Amino acid sequence: MSRYAPFILDLLVAAPANAQSTIALEPGMVITESVTITPGHYRIPADSTGAIIIRGDDIEIDFNGAILDGGQPGQAPDTFAGTGIRVEKGSGIMIRNAVVK
C-alpha cells in the first residue's frame with residue numbers, strides 16, 4: 001500500500017453522497033435533475049409558460065436564498081402576472097429556500 005492511499009480514502013469518505021450541481025438561473029430554463037441555485041437576485045419575467053420549468057420526478061431544488069423576481073423595477077406588486085416556477089409532468093418535487101416575487 002502506498003503512503004498516499006489513506007489520504008485518498010479520506011477524500012472519498014468526506015465527499016457528500018448526494019452532491020448537487022450549482023447553477024445560475026436563466027430565462028426559460030428547464031431543470032430535470034436536483035440542483036442548488038447560485039445565490040443572487042434573478043430578474044426573469046414571468047409568462048404563461050413559466051420563467052423556470054421543472055420537469056421530472058424526485059427532483060430537489062435548493063434556491064439557497066436566491067430571489068426569483070418577475071416584476072419590473074418600480075412595478076406595483078398588485079400588477080404582477082404570470083407563472084414564476086412551473087412543474088411539468090413531475091412528482092416528488094421539493095423546492096427549498098426560494099424567494100419568489
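1. D69 is buried, at a relative accessible area of 7%; buried here means under 20% relative accessible area, exposed over 50%, and partly exposed in between, with a 1.4 Å probe and protein chains only. Its salt-bridge partner is R43, at 3.2 Å from N to O. R43 counts as partly exposed, with 38% relative accessibility. A salt bridge is taken as a side-chain nitrogen of Lys or Arg within 4 Å of a carboxyl oxygen of Asp or Glu. The pair links distant parts of the chain, D69 being in strand 7 (residues 67-69) and R43 in strand 4 (residues 41-43), 26 residues apart.

2. On provenance, this is a predicted model, in which local features need pLDDT of at least 70 and side-chain atom pairs count only at pLDDT 80 or more, while totals for chains, interfaces and linings use all residues. Residues are numbered from 1 along each chain as its sequence is written, and side-chain values use heavy atoms, with hydrogens and water left out.

3. The chain contains one helix and ten strands. Both are DSSP runs numbered from the N terminus: helices are H or I with at least four residues, strands are E with at least two. The order along the sequence is α-β-β-β-β-β-β-β-β-β-β.

4. The structure has four salt bridges. One of them joins E60 and R96, with the closest N and O atoms 3.0 Å apart. E60 belongs to strand 6 (residues 60-62) and R96 to strand 9 (residues 94-96), so this pair ties together parts 36 residues apart in sequence. E60 is partly exposed at 28% relative accessibility, and R96 is partly exposed at 36%.

5. Another salt bridge connects E88 with R86, where the closest N and O atoms are 3.3 Å apart. E88 counts as buried at 16% relative accessibility, whereas R86 is partly exposed with a relative accessible area of 31%. R55 joins R86 and E88 in a network of salt bridges.

6. An open sheet is formed by three strands in the order 2-5-8, with parallel pairing. Two strands pair if DSSP finds at least two bridges between them. Strand 2 (29-31) and strand 8 (85-91) are at the edges with a single partner strand each, so one side of each has no neighbour in the sheet. On average, neighbouring strands of this sheet are turned by 15° against each other, direction ignored; axes are lines fitted to C-alpha atoms, for helices over the stretch in contact, and angles run from 0 to 180 degrees between N-to-C directions.

7. Which residue in strand 5 is the bridge partner of M29? That partner is I52. Strand 2 and strand 5 (residues 52-57) run parallel and are joined by three bridges. I52 also has a bridge partner in strand 8, namely I85. Strand 5 and strand 8 pair in the parallel sense over five bridges. Strands of a sheet pair through backbone hydrogen bonds, either parallel or antiparallel.

8. For the chain as a whole, buried residues make up 24% of the 101 residues. Of the contacts with a separation of 6 or more, 71% come from residues 24 or more positions apart; contact means heavy atoms within 4.5 Å. The chain exposes about 6600 Å², of which carbon and sulfur atoms supply 55%. Accessible areas come from the Shrake-Rupley method with a 1.4 Å probe, and for residues only the protein chains shown count as cover.
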